[in-house]
Structures are given as C-alpha cells and as structure tokens.
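Visitor: Hi! I'm new to reading protein structures. Could you walk me through this one?
Guide: Happy to, ask away.

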Amino acid sequence: MFFLFIVSLSFTRAYENQNRIYLDSYFNEILRIYEENPMGFSYESLTKYNDFFIIVDDQVVHYSKNNVSLQDFNQISNFMLREHFKSQETYTNRTLRYTIDGNIAYMGRVKRPLNGTKYGVFAVSNVTEFVEDMTGNIPFYTTLAFLNILVLGNIIVWLWSTSTVGKLKDLQSSVKQMIEDDYQSEVKVDSSAEEIASLAETINNMRIEIKNNEDTKKEMIQNLGHDLKTPIAVIRSYAEAIQDGIEGVESTDLIIKQSDLLNKKVKQIIEYSKIGYIDNHNTYEKTSFKTIVEQVVNNYKYITNLRFIIDIETDWIHLMDPEGAHIAISNIVDNAVRYAQTKIVIQITEKKLTIFNDGEHIEENVLPKIFKAYEKGSKGQFGLGLAIVKETMDRFGLKVSVINHANGVLFTIELQ
C-alpha cells in the first residue's frame, strides 16, 4: 500500500508540474494581450482547465468562467481583492507564484504604474480535473500490475520454498541414514540449487573425514595393543622366570630395558593424544626456533658421536607453544640421529628450518605416508614421533615435509 501511495503521489506531482507550465503560458498570454491594449482588451479563445480575471482598482473588469466552478472562482477573486486591492500598500509590482489551493491552482501579477491605475491579472486552473484527465487509468493499471506481480511473486516463492524444503528433507534423511550405518552411506541429493548441492557435498566430505578418523583410531588401537603387548609379555615372562629361579638377578637389566621402552611408548602416546588440546590449554607466545634448536642439540652432545652443524642465517620467531615446538623438533632430530652416518646439518633462514642427515633414504613406499601415525621406516620405533611433528606444526600454521637427497634425507619446516 505504501508503494502504491508513492506511485500515485509521484504521478500527481508530475502532472501538477505540467499544469504549472500550462497555466504559466496561459497567464503570460493574457497579461501580454491586456497590457498591449487595456482599454480594448478582449480574449475570446476557449481553453480547457484554465480561466482568468482582471481587477482594476477594486473591481473585476474582465473574466472567464468556463472551467472553474463559480464557488472556486469567487473564492479566489475575493481573496485577491482583499489581499491586494483593499489595502493602501505602496508597492509597484508584485508577482504571485503558482499556488494550489484545494482543487484550484492560481498565479498572477499586481501592478501600480507610475501615475497610473492599479491593476491585477490572474489566471486560475482546475488542477484536480487536469491531473485526473492526464493520469487517466494509470494509477488503476499500476495498482493492478503491482498486485499481479505480488501474487505471482508469492506463487514463485511458494513453489521455490516447497521445492527447497523437500530437498532439505531429502538431505536430512540422507544424513540420518549416514549416521545409522556408521558413515558408510554416501550423502547425495539431486538438486538444481547450487547451495543445496554444495551443502550435500560438504556433508559428504565431512562423512569421509569422520570415517577416515574412525578407521585411523581403530588402526591405532590395534597397533597400540600389539606394541604394548610385546614388552609386557617379556617383562612378565622374565619376572616369573626369576621368581621360579630359572633366571638370575642379572635378567632384571632386560626387564628395566623393556620398562624404559614401554615408558617411552606411553609417553609418546600421551604426547600425541594431547596435541588436540594445545589450542585450548596452552598459551601461544612468540618463540625462537634458534633457542629451541640449541636446546635440542645440547641434549645430544654427549650421547652420540654424530657431528652437528648449526647454520643460523637469521633467527625465526613464530607464535606457538614452546613446549610443543620443542617436542616436535626433538622428534625430528631423534629420527635423524637413528639414521645419520656422520653428521646432522640444521639450518635456519628467513621463516624456514631444515634438518638434514646423511643417512639412508626413506623407502619410496613409506615416504608419502611417513607422517601418518604408526607408519615407520626400517629403523622406526613406534611410528608416532613424526605424526606428532605433523600434528603439532599444523596447529602452529606451519608445514613439515621430507624428501630424499642424493646423500641423505632433508626435513623442512616452513609457513603453510
């Protein structure tokens, strides 16, 4: 309704402006004819909508009343007499601009020539009739067109919403089926709506990710059970042998060794499991890779004969958890220590850290999945060390990669 009101008002204002132009032309013509011959003034042309009257002193001497009602004509003429001819004003020239008063529009000019008789020429117009004739049925047809558009638009929206709701219900059923069959069913929705098809694809990708995580979790539990079973069985068998007098006290060295191995494995499992909580339980801070590298290398000074070559072109400061970063770098260096022949070269350049060892290559079939949990090379221990590195670096917005060089293996940490 507000829209229709604005449309109607716009048409009215536009045609009122046309009426002003039309009346102004008519008024100027009356004024010209009268001023050229006041005594012999005559205007017999018939016009539609417009009339005029001329006042000399305080009398209406000429007029036409073809288009304006007698009541409106008298109202305007009496107003002019009262305002401009009954007073003793001394002005010599006054122009009355186009004005609308009810159904009537008027304009005029009052003059008092030097040593002459005061007179006024006025033009009036039936502006209501003019606007109605000009607009005709336009407001009606505009209203009808708007209502048709409104109804058609609602029908289109209803059809579209019905179709969309139907597709969303299909998507809901597909998701429900996916959950019931343990994420095995693929989520599919036949829809021309790009948004719904994209949503279905996103849910399906999520399903694949959840399924992969579940498979990885099951695989890890199986591997974990297998890895823990062996040292526990060894410890138990030797303990029982000592208890029965079959083995001597010296066998406790093997029990201690297996206990240390078991303890190290449990420690790595704990480290791997708590990576997911780094963002929530640790405050990130600006951490120096140079400081971490120096701390890690110092731990290996007296436990290996390998030569460490440290080349730090410029320090790299990155926002991360210092403890998590230290564990990750230690795991890479620990891996390098097991494989290196003579040296380990660590370099830090602009936002890049490389760790090289001159040991044997990583098997080609292992290389693409070396950072996956429980994937390990020929000398690997638990298959968790590099998985911890990958998960930790991902949390810090960093990328870790490894390639075989001609004379060794190179690990690289850089921005994603």
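Visitor: Is A241 buried or exposed?
Guide: A241 is buried, with a relative accessible area of 13%. Buried means under 20% relative accessible area, exposed means over 50%, and partly exposed is in between, using a 1.4 Å probe and protein chains only. Before we go on, this is a predicted model, where local features need pLDDT of at least 70 and side-chain atom pairs count only at pLDDT 80 or more, while totals for chains, interfaces and linings use all residues. Residues are numbered from 1 along each chain as its sequence is written, and side-chain values use heavy atoms, with hydrogens and water left out.

Visitor: Good to know. Where does A241 lie, and which residues is it in contact with?
Guide: A241 lies in helix α5, residues 194-243. Helices here are DSSP runs of H or I with at least four residues, strands are E runs of at least two, and both are numbered from the N terminus. Leaving aside neighbours within four places in sequence, A241 is in contact with I246 and E247, where contact means heavy atoms within 4.5 Å. The C-alpha atoms of A241 and S251 are separated by 9.2 Å, and these residues are 10 apart along the chain.

Visitor: Let's zoom out. How many helices and strands does the chain have?
Guide: The chain comes to 10 helices and 12 strands. Of its 416 residues, 36% are buried. Among contacts with a separation of 6 or more, 61% are between residues 24 or more positions apart.

Visitor: Which residues of α2 are buried?
Guide: They are D72, F73, I76, S77, M80, L81 and H84.

Visitor: Where do those sit around the helix?
Guide: Looking down the axis of α2, the buried residues fall within an arc of 165°, so they line one face of the helix. That arc is taken from the directions that run from the helix axis to the C-beta atoms. On the other side of α2, L70 and Q71 are exposed.

Visitor: How far does α2 reach?
Guide: Helix α2, residues 70-84, has 15 residues and reaches 21 Å from its first C-alpha to its last, close to the 21 Å expected at 1.5 Å a residue. The expected span is 1.5 Å times one less than the number of residues.

Visitor: Switching topic: at what angle do α9 and α10 pack?
Guide: Helix α9 (residues 322-339) and helix α10 (residues 385-395) pack at about 145°, with their axes 9 Å apart. The axes are lines fitted to C-alpha atoms, for helices over the stretch in contact, and angles run from 0 to 180 degrees between N-to-C directions.

Visitor: Which residues meet there?
Guide: From α9, G324, A325, I327, A328, N331, I332 and N335 meet G385, L386, I388, V389, T392 and M393 of α10. The residues of this contact divide into 8 nonpolar, 5 polar and no charged. Here Ala, Val, Leu, Ile, Met, Phe, Trp, Tyr, Cys and Pro count as nonpolar, Asp, Glu, Lys and Arg as charged, and the others, Gly among them, as polar.

Visitor: How many residues of α9 are buried?
Guide: In α9, 13 of the 18 residues are buried, which leaves the helix mostly covered.

Visitor: What is the phi of Y49?
Guide: Y49 has a positive phi of about 85°, although Y49 is not a glycine. Most residues other than glycine have a negative phi. Y49 lies in the loop between α1 (2-36) and β1, and Y49 is buried, with a relative accessible area of 7%.

Visitor: And K351, what is its phi?
Guide: Phi of K351 is near 55°, a positive value in a residue other than glycine. K351 sits in the loop between β9 (343-349) and β10 (352-357). K351 is partly exposed, with a relative accessible area of 38%.
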